[in-house]
Amino acid sequence: MTKRSTWALPYFIFLVLFVVLPLLLIVLYALQDGSGHFSLGTIAKFFTDKDALGTFALSIEVAIENTLLCLLLGYPAAYILANKNLNRSAVTVVLFILPMWINALMRTLATAELFTMAGITLGKGTLIFGMCYDYLPFMIYPIYNVLSKMDKSYAEAAQDLGATGGEVFRKVTLPLSMPGVWSGVMMVFMPTVSTFAISEFLTNNRIKLFGTIIQENINNSMWNYGAALSLIMLVIIGFTTLLNKDDRQEASNGGII
């Protein structure tokens, strides 16, 4: 019991049972046909399925719009929270945490009910609003963490050299905060693409996202095609994560002009 590896054993078992094993099952089902034989037909079907491709394109569009909106709202909020001259109370940070204490599904149902009571037709606009409401904290906190830990001597040095407030932000603060921005983008963009419950409740299932067609295939016992769609999504997420890892490393090592 004195070895540190012994204490890591429960986490290793949890990782195998609830992460590695489900991923292996997804790969197994995705590479099989309905008879259980090895086949790439289920994966190839996605590239010829017009409905799936259209839904995927719409999901990317909605994810981009939601991510940009969260970034436009989240960066100023994170900047204000991290700036002691603009925010002198720790209570402000708690106010952004409070919505996350409520289950996301309950927040979505409440939002949909508010739209219904107000007589607002559920559609893409209500979907984007609900997405932003649910995922905005995931954009704010990575940026806030980076800004709050940023060495203030860089900004002071830039001011001593004659830089204006706008130049300090553009040439010092913004480049140094990019790792937090990229983390926030990843934490908002990918869940938006793969979600299904939010789109169902906030559009009355009029707008289907990529996660919705995965759910429909699984519910209709089309395990192989559903697993293939899930595998495609996992590959995209993994590839995008690797690209953003390089971008974050360049941003964190980038020079200050």
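Predicted model: local features only at pLDDT ≥ 70, side-chain atom pairs only at ≥ 80, totals over all residues.

Trainee: How does helix 3 cross helix 8, left-handed or right-handed?

Mentor: Helix 3 and helix 8 cross in a right-handed manner. By class, their contact has 15 nonpolar, six polar and no charged residues.

Trainee: What are the angle and the distance between the axes of helix 3 and helix 8?

Mentor: Helix 3, residues 50–82, packs against helix 8, residues 165–194, at an angle of about 140 degrees, and their axes are 9 Å apart. That angle makes helix 3 oblique to helix 8.

Trainee: Why do we give both an angle and a distance?

Mentor: Those two values, the angle between the axes and the distance between them, are how two packed helices are described.

Trainee: Which residues of helix 3 and helix 8 meet?

Mentor: On the side of helix 3, they include S59, I60, A63, N66, C70 and Y79. On the side of helix 8, F169, T173, S177, V185 and F189 are among them.

Trainee: Let us look at another partner of helix 8. What is the angle between helix 7 and helix 8?

Mentor: Helix 7, residues 152–160, packs with helix 8 at about 165 degrees, and the axes are 10 Å apart. That makes helix 7 roughly antiparallel to helix 8. The crossing of these two helices is right-handed.

Trainee: And which residues make that contact between helix 7 and helix 8?

Mentor: Helix 7 contributes Y154, A155, A158 and Q159, which meet V168, V172 and L176 of helix 8. By class, the residues of this contact are six nonpolar, one polar and no charged.

Trainee: Back to helix 3, please. How do helix 3 and helix 6 cross?

Mentor: The axes of helix 3 and helix 6, residues 124–148, come within 6 Å and cross at roughly 40 degrees. Helix 3 and helix 6 are therefore oblique to each other. Their crossing is right-handed. The residues in the contact divide into 22 nonpolar, four polar and three charged.

Trainee: Now the whole chain. How many helices and strands does the protein chain have?

Mentor: The secondary structure comes to 11 helices and zero strands. Along its principal axes, the C-alpha trace spans about 70 × 60 × 40 Å.

Trainee: What about helix 1? How far does it reach?

Mentor: Helix 1 covers residues 4–30, which is 27 residues, and reaches 38 Å from its first C-alpha to its last. That is close to the 39 Å expected at 1.5 Å a residue.

Trainee: Where is the kink in helix 1 centred?

Mentor: The kink in helix 1 is centred on V16 and amounts to about 35 degrees.

Trainee: One last topic: the backbone. Which loop holds N204?

Mentor: N204 lies in the loop between helix 9, residues 197–203, and helix 10, residues 210–219. N205 is found in the loop between helix 9 and helix 10 as well.

Trainee: What is the phi of N204, and what is that of N205?

Mentor: For N204, phi is near 55 degrees, a positive value in a residue other than glycine. N205 is not a glycine either, and its phi is positive at about 65 degrees.

How values were computed
Residues numbered from 1 in each chain as written. Heavy atoms only, no water. Helix = DSSP H or I, 4+ residues; strand = E, 2+ residues; numbered from the N terminus. Expected span 1.5 Å × (residues − 1). Bend = angle between axes of the 7 residues up to and from the residue. Axes fitted to C-alpha atoms, helices over the stretch in contact; angles between N-to-C directions. Parallel < 35°, antiparallel > 145°, perpendicular 65-115°, else oblique. Left-handed = near helix turned anticlockwise from the far one by under 90°. Contact = heavy atoms within 4.5 Å. Nonpolar A, V, L, I, M, F, W, Y, C, P; charged D, E, K, R; others polar.
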